[in-house]
Amino acid sequence: MKKFAAPFQKSIFVCTQKRPDGHPKPCCADRGGMALRQELRDMAQEKGKEMEIRVFTSGCIGACDHGPVAIEYPNGEYVLGITKEDLPEILDGLME
Ligand code: FES
């Protein structure tokens, strides 16, 4: 095993989990998780922050009923019920 410091300080994992149609649990993919992840990534790049703030795709992070959701690090906070309109505030928060 080998460890080394990641080249970014903050990260956000946006759930894009897809479940089969008819599955009893909701999934973030059906609530726009993929598009939100891509838009947040694009916004970080437009601000030249892509090396400081990494936007990752994630599988289920356990808050399915509140999707689309993400989890931010290093603070470890869930962000629930994300809308497109929330993305600037999320990015600003990560840049603080
Ligand atoms: S499917 Fe997104 S948190 Fe579970």
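Reply: Glu50 is found in the loop between H1 and S2. The model is a predicted one, in which local features need pLDDT of at least 70 and side-chain atom pairs count only at pLDDT 80 or more, while totals for chains, interfaces and linings use all residues. Residues are numbered from 1 along each chain as its sequence is written.

Me: Why does Glu50 count as partly exposed?

Reply: A residue is buried if 20 or more other C-beta atoms, placed from the backbone, lie within 10 Å of its own, exposed if 12 or fewer, and partly exposed in between. Glu50 has 15 C-beta neighbours inside 10 Å, so Glu50 counts as partly exposed. Arg41, in helix H1, has 18 such neighbours and therefore counts as partly exposed.

Me: With which residues is Glu50 in contact, leaving aside its neighbours within four places in sequence?

Reply: Those residues are Ala44 and Gln45. Contact here requires C-beta atoms, placed from the backbone, to lie within 7 Å. Glu50 and Glu77, 27 residues apart in sequence, have C-alpha atoms 20 Å apart in space.

Me: Which residues of H1 are buried?

Reply: They are Gly33, Leu36, Arg37, Leu40 and Ala44. These residues cover an arc of only 100° around the axis, which puts them on the same side of H1; the arc is that of the directions from the helix axis to the C-beta atoms. Their cover includes S1, S2 and helix H2 (87–95).

Me: What makes a set of residues a nonpolar core?

Reply: The set must consist of buried Ala, Val, Leu, Ile, Met, Phe, Trp, Tyr and Cys residues joined through C-beta atoms within 7 Å. The largest such core has 15 residues, and among those touching the most other members are Ile12, Leu40 and Val55. S1, H1, S2, S3 and H2 each give two or more residues to this core. Not counting residues up to four places away in sequence, Val55 touches Ile12, Val14, Arg37, Leu40, Arg41 and Ala44.

Me: Why is one side of S2 and of S4 left without a neighbour in the sheet?

Reply: The open sheet has 4 strands in the order S2-S1-S3-S4, with mixed pairing. Strands S2 and S4 (77–79) stand at the edges, each with a single partner strand, so one side of each has no neighbour in the sheet.

Me: How do you know that S1 and S3 pair?

Reply: Two strands pair if DSSP finds at least two bridges between them. S1 (residues 10–15) and S3 (residues 70–73) have 4 bridges, in the antiparallel sense. In S3, Glu72 is the bridge partner of Ile12. S3 and S4 also pair in the antiparallel sense, over 3 bridges.

Conventions
Contact = placed C-beta atoms within 7 Å.
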